[in-house]
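Please look at the sequence and the 3D view below before reading on.

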Amino acid sequence: MFSPTFLYSNQLSLVMKILSVVGARPNFMKIAPIADALKAHEDVTHFLVHTGQHYDENMSKLFFDELGIPKPDVNLGVGAGSQSQQTAEMMVELEKVMIDQKPDLVLVVGDCNSALAGAIVASKLHIKLAHIEAGLRSFNWQMPEEINRIVVDKLSNLLFTTEHSANENLKKEGITEGVHFVGNVMIDTLLNSLEKAESSKVLEALNLEAKNYAVLTMHRPGNVDKKEVLEGLLDTLAEISKNIKIVFPIHPRTKKMVEQFGLTEKLNSLQLTEPLGYLDFLKLNSNAKIILTDSGGIQEESTILKVPCVTLRGETERPVTVEVGGSVVVGQDRGKILSAVDTFLNGTAPEPGVPELWDGKAAERIVGEIIKNA
Ligand code: UD1
């Protein structure tokens, strides 16, 4: 498929250098099992770049510590900014690192701006590019992530997919070479961490009783960046909280918007926490009665945890979670949200199935393919 220029290490062995780019919270659980699987290959060196897109201790460092991810070789410290400013600043810095490091392959994960920046820079430097979580499409061009997904996939030489719909999407876009259906690295991390998460004391710390609370996460610009939309959602959530306690680890973006719109009082019926670490959040989710979220990754995790998920978006790029019965997509409509929550709280929804290859071995397959195609 492609033949990277191997570097000679000590003149004895051939070494392939992989440079991975991460930056936002959901990237960290995706890179963890890959970094682990790469360690087993002495003929591969792994150089990890953190763009600094997420920089709060509990949005970044905590995940590295808990998941045993190697310390980034470099942190670009880019931080917050508009979509273009953030991406452009990452690109300028990534170009310097890639020119200096001369990797054989650049690896990007997911759909955040850090992945987009890494993909564009690698392509322009004619470095082979691999994308983990390729092919997902929401068909909603208002989402910055949708633009990122399409651009990254178009530029990638190796595309690793989590579900069959992704392969079909890529095929429709004319991308058929280098596509590998491998399963889901986020689920590798979840399965690897379940036992460790058991010892988390988060339920005691938040005074919660297992299966007697809901977990809420909400940070998408489409839900939180317009006052009337955010206000409507918070009113609906207040209604739900009359029936079940709602725990809300609030994302910094949402917190900022709630304050900016003067909606702080609307949070009164929710039990707020700071963003949680991976293990506390996993324990919290596994013991929840239901999950309400606009996050794609949490739709996937809740499916495996068999906790019903009400997806607060108009569409999902992860349709397999709906097909196997793990989540329902309700958008921002009050009636639909209330009815879905009611069904899950009072009905007897069948247990969801497990999507194909979400078995904890995706990273092994990916690393195997990378080595095979090198
Ligand atoms: C990004 C990803 C999104 C992912 C989400 C997970 C893009 C386009 N979006 O969205 O796909 O679901 O991460 O969190 O890449 N902030 C802090 N501290 C932090 C990080 C962010 O205060 O550590 C605040 C900043 O004010 C920033 C805002 O949150 O402006 C948004 O952060 P940003 O990285 O731009 O996007 P997310 O909304 O986190």
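## The ligand and its surroundings

Around the ligand there are 21 residues, and those that come nearest are Gln-53, His-54, Asn-113, Glu-145 and His-219, where a residue counts as near a molecule or strand if one of its heavy atoms lies within 4 Å of it. The model is a predicted one, in which local features need pLDDT of at least 70 and side-chain atom pairs count only at pLDDT 80 or more, while totals for chains, interfaces and linings use all residues. Residues are numbered from 1 along each chain as its sequence is written, and side-chain values use heavy atoms, with hydrogens and water left out.

The space that the ligand takes is the largest pocket. On a 1 Å grid over the protein atoms alone, a pocket is an open set of points with protein on both sides within 12 Å along at least five of seven lines, a cavity is a set of points where a 1.4 Å probe fits but cannot get out, and lining residues have an atom within 4 Å of a point. A molecule sits in a cavity or pocket if more than half of its atoms lie within 2 Å of its grid points. Two or more residues of the shell around the ligand come from each of helix 3 (83-101), helix 5 and helix 11, and helix 11 gives the most, with 3 residues. Helices (H or I, at least four residues) and strands (E, at least two) are DSSP runs, numbered from the N terminus.

## Charged pairs

Across the whole structure a search finds 22 salt bridges, each being a side-chain nitrogen of Lys or Arg within 4 Å of a carboxyl oxygen of Asp or Glu.

In one of them, the side chains of Lys-61 and Asp-65 meet at 2.9 Å, N to O. These two residues are separated by about one helical turn, because Lys-61 and Asp-65 are 4 residues apart in helix 2 (residues 61-67). Lys-61 is partly exposed at 44% relative accessibility, and Asp-65 is also partly exposed, at 48%; here buried means under 20% relative accessible area, exposed over 50%, and partly exposed in between (1.4 Å probe, protein chains only).

Another salt bridge joins Arg-149 and Glu-317, whose closest N and O atoms are 3.4 Å apart. Since Arg-149 lies in helix 5 (residues 144-155) and Glu-317 in the loop between strand 13 (309-311) and helix 14 (319-323), the pair ties together parts that are 168 residues apart in sequence. Arg-149 is buried, with a relative accessible area of 2%, and Glu-317 is buried at 0%.

A network built from salt bridges that share partners includes Arg-149 and Glu-317, and among its other members are Lys-30, Asp-111 and Arg-313.

## Single residues

Which residues have a positive phi although they are not glycine? Asn-207 has a phi near 60°, and Leu-357 has a phi of about 65°. Most residues other than glycine have a negative phi. Asn-207 lies in the loop between helix 8 (202-205) and strand 9 (213-217) and is exposed, with a relative accessible area of 61%. Leu-357 lies in the loop between helix 15 (334-346) and helix 16 (362-373) and is partly exposed, at 28%.

Val-310, which lies in strand 13, is buried with a relative accessible area of 0%. From C-alpha to C-alpha, Val-310 and Ile-337 are 7.4 Å apart in space, and they are 27 residues apart in sequence.
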